[in-house]
Amino acid sequence: MAGRQRHRLLLENAEQLVLVCGRREPYLRRDGAAGLGVLRAASLVGWLYQSCGPGRCLVDAHTHPVWAGDRVHEFAMKLAGASYMEIHQAGGGIHFTVEHTRKATEDELFTAFQQRLGRMLRAGSTLVECKSGYGLNLETELKMLRVIERARKSMDIGISSTYCGAHAVPKGKTATEATDDIINNHLPKLKELKLSGEINVNNIDVFCEKGVFDVESTRRILEAGKDIGLQINFHGDELHPMKSAELGAELGARAISHLEEVSDEGIVAMARAKCAAVLLPTTAYMLRLKQPQARKMLEEGVIVALGSDFNPNAYCFSMPMVMHLACVNMKMSMNEALAAATINAAYALGKSDTHGSLEVGKQGDLLIINSSRWEHLIYQFGGHEALINYVIVKGKVIYENDRRI
Ligand SMILES: N=CN[C@@H](CCC(=O)O)C(=O)O
Ligand SMILES: [Zn+2]
């Protein structure tokens with residue numbers, strides 16, 4: 001322990017202590033989630049770097065938090081009837097954000113990102129996946145990834161970083177040209193920066209969608225990313241059925257997000273491949289899409305995780321809100337939603353050995369809420385600001401709520 005800072009945590013007489021798992025399970029399928037470990041009238045002592053690590057933290061498995069430019073006007077357009085793809089094809093949506101993000105300085109992006117991470121943390125997330133993808137050219141993609149790396153090194157919140165250079169086809173290029181650019185220029189540079197320790201990217205992502213990257217381009221990019229050691233974690237089957245789930249299962253993807261339009265065969269393939277389904281209730285709600293078939297996925301044995309999808313289209317930082325939407329709109333039980341926002345979200349990021357449950361040997365991340373039953377965090381939608389008393393990361397209190405009631 002010499003030279004290390006030691007944080008001691010003592011929590012006495014909690015009415016409930018939600019462990020999530022108790023036997024170092026890497027994920028919980030439907031039946032496992034039904035029996036979440038809950039201790040009553042419990043106390044807990046934790047020492048960072050020692051054997052007992054407290055942690056029912058929330059994990060956000062999908063966010064786009066580094067960008068510049070305001071898209072509130074597009075929300076108004078969507079309310080007036082425009083579809084996501086109509087706005088995208090007219091040069092708005094991701095393209096609008098790319099234009100502004102390219103112009104922003106690294107410091108400007110970092111300041112906005114830091115504030116967004118702070119809001120996620122105050123809503124209870126202690127591990128968050130963060131994507132690039134509003135640069136599309138190498139220069140701006142690297143700028144975004146440097147910003148993510150800077151936050152990883154300077155902030156308490158945990159970060160899993162994702163290279164998403166194939167988030168859209170940049171203006172002036174065809175999808176094939178963009179694919180070649182990524183494979184021949186972007187990925188070799190990422191490999192070099194990883195080796196030198198400058199930028200340590202964890203996952204590779206592609207927006208596999210009609211009019212964006214088709215299945216063949218997606219396959220080429222994901223395989224090239226896997227070859228340089230990145231975990232495959234991509235957007236698929238969102239607006240059109242693309243057979244993205246089948247592709248992901250074949251390539252050994254760790255996770256696929258969205259899946260509103262997944263096929264029955266895709267669901268079975270994902271269950272077999274232990275490829276997590278990251279469902280994003282905010283997007284389906286915002287864009288009035290058909291809901292992903294969470295119940296069918298759970299019944300077929302898919303590992304279901306949740307993410308906020310925070311981005312300029314779906315402006316939501318809160319995993320408690322996401323769990324609420326998953327329960328009401330996707331018909332998940334509260335236990336399933338909690339498993340999906342903790343251990344399964346950690347699994348989707350390849351981090352369930354250290355995050356996602358309150359177990360001996362794991363990192364000490366923990367939320368303390370001001371309520372007799374944990375379910376209030378889901379039930380009181382939009383109420384997490386008053387409910388969350390403390391957010392603890394690695395055994396250290398990093399947020400104390402002075403506005404609680
Ligand atoms: N679908 C693709 N990407 C994002 C939206 C990004 C944006 O509109 O800026 C999503 O996951 O919802
Ligand atoms: Zn996304």
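This report walks through a predicted model, from its overall build to a few individual residues.

## How to read the model

Residues are numbered from 1 along each chain as its sequence is written, while chains are lettered from A and ligands numbered from 1 in the order in which they are written. As this is a predicted model, local features need pLDDT of at least 70 and side-chain atom pairs count only at pLDDT 80 or more, whereas totals for chains, interfaces and linings use all residues.

## Overall build

The chain holds 17 helices and 13 strands; these are DSSP runs, with helices (H or I) of at least four residues and strands (E) of at least two, numbered from the N terminus. Its radius of gyration is 20 Å, close to the 22 Å that the globule rule gives for 405 residues, so the chain is as compact as a globular protein of that length. That radius is taken over C-alpha atoms, and the rule is 2.2 Å times the number of residues to the power 0.38. Along the principal axes, the C-alpha atoms fill a box of roughly 60 × 45 × 40 Å.

Of the 405 residues, 53% count as buried (20 or more other C-beta atoms within 10 Å of the residue's own; exposed means 12 or fewer, partly exposed in between, with C-beta atoms placed from the backbone).

## The annotated domain

UniProt, in an unreviewed entry, places the feature "domain: Amidohydrolase-related" at residues 58-397; positions follow the numbering used here, feature names are shortened, and annotations may be inferred rather than shown by experiment. This span is 46% helix and 16% strand, and its end C-alpha atoms lie 15 Å apart.

## Around ligand 1

Ligand 1 is surrounded by 13 residues, and the closest are Ile94, Phe207, Thr283, Asn311 and Asn313 (C-beta atom, placed from the backbone, within 6 Å of the ligand).

Let's look at Ile94, which lies in helix H4 (residues 94-103). Ile94 counts as buried, with 27 C-beta neighbours inside 10 Å. Beyond its neighbours within four places in sequence, Ile94 is in contact with His88, Tyr134, His167 and Ala168 (C-beta atoms, placed from the backbone, within 7 Å).

## Two positive phi angles

Most residues other than glycine have a negative phi. Arg288, not a glycine, has a positive phi of about 50°. Arg288 sits in the loop between helix H11 (281-286) and helix H12 (294-300), and is exposed, with 10 other C-beta atoms within 10 Å.

Lys394 is not a glycine either, and has a positive phi of about 50°. Lys394 is placed in the loop between strand S12 (388-393) and strand S13 (396-400). Lys394 is buried, with 20 other C-beta atoms within 10 Å.

Key:
Contact = placed C-beta atoms within 7 Å.
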